[in-house]
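Hi,

Here's the structure I said I'd pass on.

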Amino acid sequence: MGTMRLGKSDFILLFFINTAVILLLIVIVYPLIYVISCSISSPDLVSAGKIWLLPRGLNILGYKRVFQDPAILTGYRNTILYTFFGTMINLIVTVPAGYSLSKSFIPGRNIIMGIFLFTMYFSGGLIPTFILVSSLGLFNNPLVLVILGAFSVYNSIICRTFFSAVPKEMEEAAMIDGASPSRTFFQIVLPVSQALLGVMVLYFAVGHWNSYFNAMIYIVKDSIKPLQLILRRILILETTSAAMMEAGADEYMGELYQVRELIKYAVIVVSSLPVLIMYPFLQKYFNKGVMLGSVKG
């Protein structure tokens, strides 16, 4: 077989594609490197805006200030537990719902889907939700961060679209062999749905990890607060200290004002690092499943 030769127009197209990819990579990677560099650089240089890419004047004082708070480890533990169990409950509720809605023989399927879609645009509001949570005994209860929002309409639509594309012959063959609908789902359909499950795990886990609003509204005990609220408290305390410095400045308070910038970047790194570590392990599934919710031709 002869070697295919690229014409001039092909080289021009490849040049523009490669240039666009490189520019996109810079846009994505630069903010990450910048934040990490600022979190470990000299506070004087950070405050003066002299950090552009790589760190200068290595300094980990921001991380020391963050991890000086003993609640950090408690917050990490709580967030890991909320993320793990919350993601499991999300999968248990959302994925089977999407599978059921993909079956045309389910009576009232369109009505059920219409009710689900209605809840995407209209809700009872914060006050009725707070009253409901309190009446169920979930206020100041860690279960509220796991149960509240267990079902995702948007992700159930993605699941329904994916399961609709699964060959019906596979399920029919399993049923002919005597498999029940539940056994067909768990032993036949789920094993070929790894791309879907990988995307769902990523979506749900990132959502739980970054969630702070529900905890801010429904959680009062420090011992069960997630990491995001702990970091928010640290940042607010340092900002308040810096504001007090402006009223009666001295040399120590001037240093505190500079350290505040380090703490701000350190908080970003501390809160984002576990998600960045988890993403490469799910990337292969994400690449396969990123278009799961698209319209199939």
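Below is what turned up on nonpolar cores and aromatic pairs.

Bear in mind that this is a predicted model: local features need pLDDT of at least 70, side-chain atom pairs count only at pLDDT 80 or more, and totals for chains, interfaces and linings use all residues. Numbering starts from 1 along each chain as its sequence is written, and side-chain values use heavy atoms, with hydrogens and water left out.

Cores first (buried Ala, Val, Leu, Ile, Met, Phe, Trp, Tyr and Cys joined through side-chain atoms within 4.5 Å; buried is under 20% relative accessible area, 1.4 Å probe, protein chains only). The largest has 25 residues, and Val66, Ile72 and Leu231 touch the most other members. Helices (DSSP runs of H or I, at least four residues, numbered from the N terminus) that each supply at least two residues include H1 (8-39) and H13 (227-247). H14 gives the most, with nine. A second, separate core of 15 residues includes Leu91, Tyr99, Phe162 and Val166.

Now the rings. Phe, Tyr and Trp (six-membered ring) pair if their centres lie within 6.5 Å; planes under 30 degrees apart are stacked, over 60 edge-to-face, the rest tilted. That gives 14 aromatic pairs. One of them, Tyr76 with Trp209, is tilted, at 6.1 Å centre to centre and 50 degrees between the planes. Tyr76 lies in H4 (71-101) and Trp209 in H11 (194-210), so the pair ties together parts 133 residues apart in sequence. Tyr76 is buried at 17%, and Trp209 is buried at 6%. Tyr99 also shows up in an aromatic cluster with Phe162, Phe163, Phe185 and Phe186.

Cheers

Terms used: Buried means under 20% relative accessible area, exposed over 50%, partly exposed in between (1.4 Å probe, protein chains only).
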